[in-house]
Amino acid sequence: MATLVSDGGSSAGRQRRTQRGLTRLLARDMRGLRRIIIPSRLEATVPDWIAAVRALVDQYGAASSTLAADYYEAERVAARVTGRFTVPLLGPPPEEQVSNSLRWATKDLWPRDPDDPETTEAQREPLDVRLEQAEKKAEAVAQKLVADQGRGTVQEAVRRDSQATAWARSAALGACYFCKALAIRGAVYKQDTANFRAHDGCHCGVVPVFKGQRFELSDHAREWERLYREFAAPHSGDQLRRFRLALAEHGHLPAL
Ligand SMILES: [Zn+2]
């Protein structure tokens, strides 16, 4: 008999919360690295800080990928498919990608000439504000890199496992309109080779679908889908904005 799998299933929710918990610990550890940056010696200390954050991203990324593999294996057992399969653990992102992301996060930190018209508002703030902003951005960047490693592990397993047919996006009730618009697409079949699109701070998960399983949208995703069809779909070119408004008007977007 076909088993049912859904973006709103309890194991999908648990996996999302586990990964979210992991990135919360990552943020806590990152805050512990703050003291590496010495304001009077930015040029010497920011590179050390980037190296330290990169080490954390590697460590947490490996944990994210292992947790995702455990989840995938449990889902596979629950789906009662045949044959053995070992989930390949996705490695860390290239060193350069991590460094570039962190350099981007710290770009407003450097002293600028306040009279230069190119200097932005953010760059005119006092150093402690700029530091605060840089750390916030770096946390968001690191969160995405780590979460992507877990999500990528599930996607790669779906691609390689002959018993897996598709994956779906699992968005939390509090997810943003962008993620909800993607979640209502339901099961994305592996021949479609669609990549998972995520933004900084996105906690969406990837749900594997196996042979013999039927995918169904959860009740809440079906409601998002209804709103999309009714209020957004007919407005070509303006669909995401309309969808965001419809979600907000119907109480499906978290208050900002
Ligand atoms: Zn998301």
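In this predicted model, the buried residues of helix H3 pack against helices H2 and H5. H3 spans residues 95-105, and its buried positions are Val98, Ser99, Ser101, Leu102 and Ala105. Viewed down the axis of H3, these residues fall within an arc of 160°, so they line one face of the helix. An α-helix has 3.6 residues a turn, so residues three or four places apart point the same way.

Val98 also belongs to a nonpolar core of 25 residues, which includes Val46, Ile50 and Val57. This core lies apart from the largest one. The largest nonpolar core holds 41 residues. Within it, Tyr72, Phe215 and Trp224 have the most contacts. Several elements give two or more residues to this core: helix H2 (42-78), helix H5 (127-160), strand E2 (164-170), H6, E4, helix H7 (219-232) and helix H8 (239-249). Beyond four places in sequence, Trp224 touches Ala171, Ala172, Leu173, Lys180, Ala183, Ile184, Phe243, Leu247 and His252.

Helix H2 also contains Thr45. Thr45 is buried, with a relative accessible area of 5%. That value falls under the 20% cut-off for burial. The Thr45 side chain reaches the backbone nitrogen of Ile38 at 3.1 Å. With neighbours within four places in sequence set aside, Thr45 is in contact with Ile36, Ile37 and Ile38.

Three strands form an open sheet in the order E3-E2-E4, with antiparallel pairing. E3 and E4 stand at the edges and have a single partner strand each, so one side of each is left without a neighbour in the sheet. E2 and E3 run antiparallel and are joined by two bridges. Trp167 stands opposite Val188 in E3.

Cys179 and Cys204 link distant parts of the chain, 25 residues apart. Cys179 sits in helix H6 (residues 177-183), whereas Cys204 sits in the loop between strand E3 (188-189) and strand E4 (205-210). Both Cys179 and Cys204 are buried.

How values were computed:
Residues are numbered from 1 along each chain as its sequence is written. This is a predicted model: local features need pLDDT of at least 70, side-chain atom pairs count only at pLDDT 80 or more; totals for chains, interfaces and linings use all residues. Side-chain values use heavy atoms; hydrogens and water are left out. Helices (H or I, at least four residues) and strands (E, at least two) are DSSP runs, numbered from the N terminus. Buried means under 20% relative accessible area, exposed over 50%, partly exposed in between (1.4 Å probe, protein chains only). A nonpolar core is a set of buried Ala, Val, Leu, Ile, Met, Phe, Trp, Tyr and Cys residues joined through side-chain atoms within 4.5 Å. Contact means heavy atoms within 4.5 Å. A polar contact is a pair of N or O atoms within 3.5 Å; within protein, one must be able to donate a hydrogen and the other to accept it, and residues adjacent in sequence count only if both atoms are side-chain atoms. The arc is that of the directions from the helix axis to the C-beta atoms. Two strands pair if DSSP finds at least two bridges between them.
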